[in-house]
Amino acid sequence: MVRILRATLNQEKTMTDFQSFRNAVLENDDLQEQVMSIINTATANGSGLGDGIATLAKTHGFTITSDEVYAHQ
């Protein structure tokens, strides 16, 4: 039961970080440009979108996973 509760709390925090990062991107032109660059590169290469966005989020203090990026496409 404790494991389930911890997993749920971690998932909620991660979701909160995803939404917080999304809001940060919407409010910051430079961050929008960085996201668009990652999208363009990933599109050209055929991969790397999730990892690229997750890494960018991490550099700005947010904890999201590449799976979350794909889940919110």
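Start with the lining of the largest pocket: nine residues are nonpolar, two polar and one charged. Nonpolar here means Ala, Val, Leu, Ile, Met, Phe, Trp, Tyr, Cys or Pro; charged means Asp, Glu, Lys or Arg; the others, Gly among them, are polar.

This is a predicted model, where local features need pLDDT of at least 70, side-chain atom pairs count only at pLDDT 80 or more, and totals for chains, interfaces and linings use all residues. Residues are numbered from 1 along each chain, and side-chain values use heavy atoms, without hydrogens and water.

**Stop 1: the pocket**

Select Phe-18, Phe-21, Arg-22, Val-25, Leu-26, Val-35, Ile-39, Leu-49, Ile-53, Val-69, His-72 and Gln-73. They line the largest pocket. Now colour α1 (2–27). This helix gives the largest share of the lining, five residues.

**Stop 2**

Select α2 (29–45) and α3 (49–59). Their axes come within 9 Å and cross at roughly 160 degrees (lines fitted to C-alpha atoms over the stretch in contact, with angles from 0 to 180 degrees between N-to-C directions). That makes α2 roughly antiparallel to α3 (angles over 145 degrees).

**Stop 3: where they meet**

Show Leu-31, Gln-34, Val-35, Ile-38, Ile-39 and Ala-42 in α2. They meet Leu-49, Gly-52, Ile-53 and Leu-56 in α3 (heavy atoms within 4.5 Å). Eight residues of this contact are nonpolar, two are polar and none is charged.

Methods
On a 1 Å grid over the protein atoms alone, a cavity is a set of points where a 1.4 Å probe fits but cannot get out, and a pocket is an open set with protein on both sides within 12 Å along at least five of seven lines; lining residues have an atom within 4 Å of a point. Helices (H or I, at least four residues) and strands (E, at least two) are DSSP runs, numbered from the N terminus. Angles under 35 degrees count as roughly parallel, over 145 as roughly antiparallel, 65 to 115 as roughly perpendicular and the rest as oblique.
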